[in-house]
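Okay, thanks everyone, I'll keep this short. Have a look at the model on the screen, and then I'll walk you through it.

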Amino acid sequence: MGDQLVYRPTLPGDDLEALGSALTAAFVEVRAALDAGRPVTVVLRAADLEGQGSPLDAALATGVLGMVRTLAIEGAKPGWRVNVVAGGGDDDGAVEETVALLADPPFSGQLLQTGGANLGKVVA
Amino acid sequence: MSAGTAIVTGAAGGLGGRIGERLAAAGHDLLLVDLDPRVEEVARAQGAAFVIADLTSEDGVGAVVAAAGDEVAVLVNNAGITRDARATKMEEAAFAAVIEINLLAAIRLTLALEDKFTEGAAVVNMSSRASLGNFGQANYSASKAGLVGFGRALAQRWAPRVRVNAVAPSLVDTPMTQAMPPEVLAKLVEKIPAGRIGSPDDVAGAVAFLASDDAAYVTGQVIYVCGGRSVAP
């Protein structure tokens, strides 16, 4: 395994064109790292996955998660490792610790959430 | 008495047309929208108004907003495309095009109609089971999963005036699936607990439910209309 890519997508805020650019950039950069044999960990805000902020930030978060899952399915044979860590608020330390754990992960396509804001919520 | 205007995008296709029929049966005045000029034929058959518009452009969105009247009760964001390829072979432009049409155009139209939605109006976004991941569809998965997040957030931002939900179909009987080699289609159907391909009616029924007062307490949700595919091995 190569060096881990820790990827934090650029949040679009209220800029629709920026949402498109951010999703496409995420695809290009994550794919390039996987192609190079690097494990990838994408870091998202849990609140965005739950739709608790800007609608476009939420679209970015869930969009990237859907893309990651497809890349994990396609990467089963070549052994791609791409996962998502979602957290935020007062659990930044937990996010960084979880990211470090994923430097050489034995699985792919998974969403790991820190903190507890997701408990009792729908995050498919 | 009319139940208000219902706008359906991607209405030239079989699924969009069927959704329109269900909403018309529920008493809505229809505005059917598509880039494909065949939407005119569909609209005439249903006695509906129509707009031929490119929703990736401000002009196209403006044309729909202008034709929508002052009170929109339902918006169904159904327009979409596929540009499938394995991620290693997928052109960046193909990724961006699917995002633009499936996700950004839907967002653009929805936000442009904000002031026209009536109290209790419903937005239904056409997502997909592929939003959970699907081989050869990194772009499509991202676009359809993006619609889920957008809807979750908008549901909270616009509550209680407007409800926002999504329908996530899987394999549906359309000209595209009818063109598949029978053996390929049969293998895909094998993975569906319901034991059959979905019909446009299956999907349109879920859309009609979410658009109706029966779903008055449902917002920010996704209904998977996939014959159980989303929970099967």
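So, how many residues does helix α8 of chain B have, and how far does α8(B) reach from its first C-alpha to its last? α8(B), residues 200-211, has 12 residues and reaches 16 Å, close to the 16 Å expected at 1.5 Å a residue. That expected span is 1.5 Å times one less than the number of residues. Helices here are DSSP runs of H or I with at least four residues, strands are runs of E with at least two, and both are numbered from the N terminus.

Quick housekeeping. This is a predicted model, so local features need pLDDT of at least 70 and side-chain atom pairs count only at pLDDT 80 or more, while totals for chains, interfaces and linings use all residues. Residues are numbered from 1 along each chain as its sequence is written, and chains are lettered from A and ligands numbered from 1 in the order in which they are written.

Back to α8(B). 9 of its 12 residues are buried, so the rest of the structure largely encloses this helix. Buried means 20 or more other C-beta atoms within 10 Å of a residue's own, with 12 or fewer being exposed, anything in between partly exposed, and C-beta atoms placed from the backbone. Among the buried ones are B:Val203, B:Val207 and B:Leu210. What covers them includes α1 (14-25) and β1 (5-9) of chain B.

Now the sheet. In chain B, 7 strands form an open, parallel sheet ordered β3-β2-β1-β4-β5-β6-β7; strands pair if DSSP finds at least two bridges between them. β3 (49-52) and β7 of chain B are at the edges with a single partner strand each, so one side of each has no neighbour in the sheet. β2(B), residues 29-34, pairs with β3(B) over 4 bridges, and B:Leu32 sits opposite B:Phe50.

B:Leu32 turns up again in the largest nonpolar core, which has 109 residues; B:Leu32, A:Val64, B:Ile7 and B:Val207 have the most contacts inside it. Such a core is a set of buried Ala, Val, Leu, Ile, Met, Phe, Trp, Tyr and Cys residues joined through C-beta atoms within 7 Å. α3(A) gives the most to this core, with 12 residues.

And α3(A) itself? It's mostly covered, with 20 of its 20 residues buried. For residues 55-74 of chain A, the end C-alpha atoms are 29 Å apart, which agrees with the 28 Å that 20 residues should span at 1.5 Å a residue.

Terms used. Two residues are in contact if their C-beta atoms, placed from the backbone, lie within 7 Å.
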